[in-house]
Amino acid sequence: ESCRMSDTSEEFELVEAYEEEESYRTVADIRMDALVFSVQKWYEPLQAWTMPTKFLPLHASHFRENFSDSALQAEIQQLIAECDGSTFFRLDTRSPKDAIYKLETTKRTVRQLLKTIPSTQNDQMRLLVETALQALQISDASQVVTLLQQSDKVQKDWSVVQSVGTDQGTVDHIILRKWLNFPLYSEFRVFVVDTCIVGIGQYWHFIHFPELDNTANTIRERVLKLWAQIRQPITETLGFHTLVLDVLLLPSGENLLIELNPLNLSVTGGGLWEIQEVLNITNTTQEQESDVEVRLRASPRVQYDNPTITLLPDYWRDVTKELFHWP
């Protein structure tokens with residue numbers, strides 16, 4: 001029912017797109033691929049199945065001034081208020097998640113909680129990610145500015161914009177999405193090839209969640225139910241036939257779309273799936289979707305010894321060494 005993955009699943013892990021780009025592509029090409037699937041491109045036809053979202057253009061001057069413009073911060077605060085005062089924050093191509101692990105508030109909370117949880121590496125990693133993601137709950141414009149200023153990803157994106165001469169007018173968007181509290185294990189990555197789902201996997205692929213044991217059938221049913229609702233606007237209205245969906249299957253029974261991603265090696269990680277493996281699955285019919293494979297981590301890793309893990313920042317080892325005394 002579920003994919004029985006062991007620690008050999010490292011072979012399915014891909015490093016960040018900006019570090020493992022294919023030789024014939026440039027970083028600018030990769031960013032352009034990701035921009036095709038930016039939230040602002042698909043939000044209108046799919047807003048009934050996703051979180052309420054607000055958009056604020058970013059100009060080159062905002063980057064040059066390191067986001068210190070008071071007018072920009074006032075606009076951010078207004079949009080936060082329109083999202084009931086609590087939002088998730090991202091830019092066009094990605095969120096500045098890499099910055100949250102640097103925040104002292106994240107480290108302080110983890111240290112406090114460490115006294116009450118088991119000492120296994122799996123549970124420690126789960127605590128770290130859960131706590132860090134809570135730092136993305138934005139209620140004040142100053143939090144947005146801090147993440148923008150401290151994110152290496154944001155700085156790399158700005159370097160790309162400058163290098164290709166597209167640093168005029170609107171160069172990015174602040175995207176504020178109404179905040180939802182949900183368990184880490186409720187997020188999934190769904191692979192679509194030629195308008196048919198060919199694979200499903202847990203999003204946080206390096207953590208074992210006991211809550212997901214023996215749930216593959218339920219996950220498949222709920223993903224297919226959501227796909228039946230959004231297939232037409234995605235494949236016909238938007239014209240996307242091959243892509244990756246990130247979805248939420250909430251404990252309440254509600255199923256939501258988080259974002260769309262391109263299905264290629266340079267931009268999107270496969271987690272428990274290998275992207276090339278997914279691309280090789282062809283000629284799937286809608287009838288065959290009912291048997292699509294769901295991959296879940298069946299047991300905790302023996303150890304976290306891979307230097308790069310998708311979804312974690314480059315410096316994750318420094319954080320776990322400081323907080324958990326990992327080697």
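**Labels and their grounds**

Mentor: Start with Asp-92, whose side chain makes a polar contact with the side chain of Ser-38 at 3.1 Å. The model is predicted.

Trainee: What makes the pair of Asp-92 and Ser-38 a polar contact?
Mentor: The distance is 3.1 Å, and the cut-off is an N or O pair within 3.5 Å, with one atom able to donate a hydrogen and the other to accept it. A polar contact of 3.1 Å also joins the side chains of Asp-92 and His-173.

Trainee: How do you know which label Ser-186 gets, buried or exposed?
Mentor: Ser-186 has 2% relative accessibility, so it counts as buried. Ser-186 belongs to the loop between strand 4 (170-178) and strand 5 (187-193). Its side chain reaches the backbone oxygen of Pro-183 at 2.6 Å. Leaving aside neighbours within four places in sequence, Ser-186 is in contact with Val-247, Leu-248 and Leu-249.

Trainee: What makes strand 7 mostly covered?
Mentor: In strand 7 (residues 243-249), 7 of its 7 residues are buried. Leu-243, Leu-245, Val-247 and Leu-249 point one way, Val-244, Asp-246 and Leu-248 point the other way, and all are buried.

Trainee: How do you know that strand 5 and strand 7 pair?
Mentor: Pairing needs at least two bridges, and strand 5 and strand 7 have 6, in the antiparallel sense. Phe-188, for one, has Val-247 in strand 7 as its bridge partner.

Trainee: What joins strand 7 to strand 8?
Mentor: Strand 7 and strand 8 (residues 255-261) run antiparallel and are joined by 6 bridges. Asn-261 in strand 8 is the bridge partner of Val-244. The two strands form a hairpin with 5 residues between them, and Gly-253 in the turn has a positive phi of about 100°.

Trainee: Which residues have the most contacts inside the largest nonpolar core?
Mentor: That core has 83 residues, and those with the most contacts inside it are Met-125, Val-129, Ile-174, Phe-206, Leu-245 and Leu-260. Helix 10 (residues 216-237) gives the most to this core, with 8 residues. A second, separate core of 8 residues includes Phe-191, Leu-263, Trp-273 and Val-278.

Trainee: What is Leu-245 in contact with?
Mentor: Leaving aside neighbours within four places in sequence, the contacts of Leu-245 include Phe-188, Val-190, Trp-227, Ile-230, Leu-257 and Leu-260.

Trainee: Why is Phe-37 with Phe-240 called a tilted pair?
Mentor: A pair of aromatic rings is described by the distance of the centres and the angle of the planes. For Phe-37 and Phe-240 these are 4.4 Å centre to centre and 35° between the planes. Centres must lie within 6.5 Å, and planes under 30 degrees apart would be stacked and over 60 edge-to-face, so the pair is tilted.

Trainee: What does the pair of Phe-37 and Phe-240 tie together?
Mentor: Phe-37 lies in the loop between helix 1 (27-35) and helix 2 (39-46), and Phe-240 in the loop between helix 10 and strand 7, so the pair ties together parts that are 203 residues apart in sequence. Phe-37 and Phe-240 are buried.

Trainee: What makes the phi of Asp-84 worth a remark?
Mentor: Most residues other than glycine have a negative phi. Asp-84 is not a glycine, yet its phi is positive, near 65°. Asp-84 lies in the loop between helix 4 (70-82) and strand 2 (87-90).

Trainee: Where does His-325 lie?
Mentor: His-325 is in the segment after helix 12 (316-324). His-325 has a positive phi of about 60° although it is not a glycine. At 68% relative accessibility, His-325 counts as exposed.

Methods:
Residues are numbered from 1 along each chain as its sequence is written. This is a predicted model: local features need pLDDT of at least 70, side-chain atom pairs count only at pLDDT 80 or more; totals for chains, interfaces and linings use all residues. Side-chain values use heavy atoms; hydrogens and water are left out. Helices (H or I, at least four residues) and strands (E, at least two) are DSSP runs, numbered from the N terminus. Buried means under 20% relative accessible area, exposed over 50%, partly exposed in between (1.4 Å probe, protein chains only). Contact means heavy atoms within 4.5 Å. A nonpolar core is a set of buried Ala, Val, Leu, Ile, Met, Phe, Trp, Tyr and Cys residues joined through side-chain atoms within 4.5 Å. Rings of Phe, Tyr and Trp (its six-membered ring) pair if their centres lie within 6.5 Å; planes under 30 degrees apart count as stacked, over 60 as edge-to-face and the rest as tilted.
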